[in-house]
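Welcome, and please get your viewer ready. We will go from one selection to the next and look at what is there.

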Amino acid sequence: MLLRASSDAVGAEVDLSAAVEEAADGGVEDGAVLTAFAEAVVRATDELDAARVRALKTLGPAKFVEAAATIGIFNGLVRVADSTGIPSDAMMLERTADVRGKLGFDSWSGAKRRGWR
């Protein structure tokens, strides 16, 4: 929902399927690089060093720091929500129903706990 709201705020059109499709750019400048970097950080994969170097080279230092900070805060928010069992509120459920269904989020293991299904 945050990505949708921020893209609406700046009048940008994004393809949220990039969240679940490998090597998708989501219609965002350098989106594939950002996605690969975020995935490597969150999943702590063996590709982290290569993704970090590629992101820094592609984005430049200022955008790289902004991307790393954004990945960190989103990762932290999700971990806190998951660990405390915070369910999604009614507004969130309503505003994300189309995307959750389209991208298959409702079938994830945590979907029931969050009230998605």
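Is Asp-106 buried, partly exposed or exposed? Asp-106 counts as partly exposed, because its relative accessibility is 23% and the buried class ends under 20%. Keep in mind on this tour that the model is predicted.

Arg-100 is buried, with a relative accessible area of 7%. This pair belongs to a set of 3 salt bridges in the structure.

Next, select helix α2 (residues 31-43) and helix α3 (residues 48-59). Their axes come within 9 Å and cross at roughly 145°, and the crossing of α2 and α3 is left-handed. Show side chains to see who meets whom: the α2 residues include Leu-34, Phe-37 and Val-41, and the α3 residues include Leu-48, Ala-51 and Arg-52.

Stay with Arg-52, which also forms a salt bridge with Asp-49, the closest N and O atoms being 2.9 Å apart. Both residues lie in helix α3, 3 residues apart, about one turn of the helix. Arg-52 is partly exposed at 35%, whereas Asp-49 counts as exposed at 53%.

About one helical turn separates Arg-43 and Glu-39, because they are 4 residues apart in helix α2.

For the last stop, select Ile-73, Phe-74 and Leu-77, a nonpolar surface patch with about 280 Å² of accessible area together. Leu-77 sits in helix α4 (residues 61-84) and is partly exposed, at 48% relative accessibility.

Key
Residues numbered from 1 in each chain as written. Predicted model: local features only at pLDDT ≥ 70, side-chain atom pairs only at ≥ 80, totals over all residues. Heavy atoms only, no water. Patch = residues over 30% accessible without salt bridge, like charges linked within 9 Å, V, L, I, M, F, W, Y side chains within 5 Å. Areas by Shrake-Rupley, 256 points an atom, 1.4 Å probe, with all protein chains shown as cover. Salt bridge = Lys/Arg side-chain N within 4 Å of Asp/Glu carboxyl O. Helix = DSSP H or I, 4+ residues; strand = E, 2+ residues; numbered from the N terminus. Buried < 20%, exposed > 50% of the residue type's maximum accessible area, 1.4 Å probe, protein only. Axes fitted to C-alpha atoms, helices over the stretch in contact; angles between N-to-C directions. Left-handed = near helix turned anticlockwise from the far one by under 90°. Contact = heavy atoms within 4.5 Å.
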